[in-house]
Amino acid sequence: MSSNDRLTRWVQEVARHCQPDRIHWCDGSKKEYDRLMVEMVARGSAIPLRKRPNSFLFRSHPSDVARVEDRTFISTPSRDDAGPTNNWVAPDELKATMWALYEGCMRGRTMYVIPFSMGPLESPMAKIGVEITDSPYVVCNMEIMTRVGTRVLQAIEEGADFIPCLHSVGAPLAPGQDDVPWPCAPMEQKYISHFPQENLIWSYGSGYGGNALLGKKCLALRIASAMARREGWMAEHMLILRLVSPEGRQYHIAAAFPSACGKTNLAMIQPTIPGWRAETLGDDIAWMKIGPDGRLYAINPESGFFGVAPGTSYKSNPAAMDTLCGNVIFTNCALTDDGDIWWEQMTDEPPAHLIDWRGEDWTPERDKPAAHPNARFTAPTSQCPLISSDWEKPEGVPIDIFIFGGRRATVVPLVHEAYDWDHGVFLGATAASETTAANIGAVGNLRRDPFAMKPFCGYNMGDYFQHWFDMGDRLGDKAPRIFYVNWFRKSPEGRWLWPGYGENSRVLKWMCERVDGKVEALDTPIGRMPRMDDLNLTGLDIPPEDLRELMRVDVEAWRAEANDIEKHFAQFGDRLPKRLERQLRQFQIRLG
Ligand code: OXD
Ligand code: MN
């Protein structure tokens, strides 16, 4: 059976179950996008923005505002293969449950078939997917976030493999029933399911973000991470950035932070140190493979930004603001009276009147935010003024530096460097952050989020740690150097100690100098740290006591951290690599 026969049969099988009124094969054209938007405006689910060309605002149902980790499943034949950090249901049971939900779920709706490529089609690292969905909102978002169209279909016809991704909002319409602006199913019927052994994705009941745009978290991270382990490459929750020194030397950085910890801001950094500049390559996902020269090469599999809107401003991220000049889909932002969008911290002063993300009147006295904290923009990567001319290079760019980090008000200093690759894997495996609104759940608790992949690893995380060791063994002395940062440390009174944003370039510059062997570092129990003189702080007005606090290694607090890491590691049982146990012991010895 050719790939194309396989595709036709799959589409027919899904249509038999889901019973849509119509089937539409997407060609990815502007005409198609515009027509779908016109239809969504007419139905009342999209609001055209008078102030931004070709841009639209959507408001989701209040129960469907973020990724639903509790309803996300890695369905491997054995529970152990999904591991302790994933929800698991046996494949047969999960498929039976979901087929029952899919039965007739697209009645009254159009079923769209979206052929898409993650990565430029001509890249040896690209992977093809086909998403079936009953949401035109998903089609338009996918047309920005991925490369959709007939060229992809042609590649499938010529024999290219594809990953089937099935999605339904789970809201069939009875004959004559009016649609709602944001159809979705109740929480207990939502399922975001992955079958990594079969490279298969089934999503039901949510229309929001990573639950529904299946190329992103589901394919490019969960399924891809499992493929990458089998095939010897890496699929990581990382931005990709090129830093260029005054001498013109290029450094490529891949950095992993949990959701809503500033990845998009760092990806679009505008260095404040004279002579240095940066180019954006990606803001969320990196696929990396060892090249013919033995170095690790990264591509960004996406073609759009699905960024957290609140907090984005001309102060925090001017390049993102310019990216949003037009052709953007906004979700759950507030609407201004003159037909533009607004969100918290976009401007110093909020407008005097808005329609909030729930569609209600809003004035600054209201104690609720006008935009949902996980409000998003979907914008083409090509519109970013800092985009690198190499962002679609089929072979990718060679990575020099890995950065891990999170949001920590206490304990973790501004920057430290791993002693070696194994120690770097330990830093990644123990990364922790205060939780944010990107996932439904409590905000502000500390959670260990290894490699920022806890919600996105498609197999047992113990095996994932081992995969990192295996990659390091293969890379040898060509492996990227590994660093850990925390831009978010606060003073005991709750003041930010570090200005962040463009000033983070000072820390990046130090990393580049470490890579080039230009500066020594101080050995501490947690890793290597900058000598104060080596960190360029010219022009910053940070009181010396703040700097000391920013860099302080509080051995007592780190001992408590080590105890917590012991508990964190224990959950992996015998799937925890011995090399990580050894790292923990050495860390405890260094702490004394
Ligand atoms: C994202 C996330 O949307 O990590 O990128 O939640
Ligand atoms: Mn992300």
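Ligand 1 is surrounded by nine residues, the closest being Arg 67, Lys 217, Ser 259, Asp 284 and Arg 376; a residue counts here if one of its heavy atoms lies within 4 Å of the molecule. The model is a predicted one, in which local features need pLDDT of at least 70 and side-chain atom pairs count only at pLDDT 80 or more, while totals for chains, interfaces and linings use all residues. Residues are numbered from 1 along each chain as its sequence is written, chains are lettered from A and ligands numbered from 1 in the order in which they are written, and side-chain values use heavy atoms, with hydrogens and water left out.

**Polar atoms at the ligand**

- In the side chain of Ser 259, an N or O atom is 2.5 Å from an oxygen atom of ligand 1.
- Asp 284 has a polar side-chain atom 3.2 Å from an oxygen atom of ligand 1.
- For His 237, the distance from a side-chain N or O atom to an oxygen atom of ligand 1 is 3.3 Å.

**Domains**

- Three domains divide the chain: domain 1 (5-45 + 69-232), domain 2 (235-302 + 390-591) and domain 3 (305-383), with bounds that come from an automatic or database domain assignment.
- Between domain 1 and domain 3, the C-alpha centres lie 27 Å apart.
- Twelve residues from domain 1 and twelve residues from domain 3 make the contact, meaning heavy atoms within 4.5 Å.

- Ile 144, Met 145 and Tyr 208 supply 54% of the area that domain 1 buries against domain 3, more than any other three residues.
- There are zero salt bridges between domain 1 and domain 3, a salt bridge being a side-chain nitrogen of Lys or Arg within 4 Å of a carboxyl oxygen of Asp or Glu.

**Salt bridges**

- Side chains of opposite charge can pair when their charged atoms come close.
- The count of salt bridges comes to 44.
- One of them joins Arg 447 and Glu 69, with the closest N and O atoms 3.0 Å apart.

Conventions. Buried area = accessible area lost by both parts, 1.4 Å probe. Polar contact = N/O pair within 3.5 Å; in protein donor to acceptor, adjacent residues only side chain to side chain.
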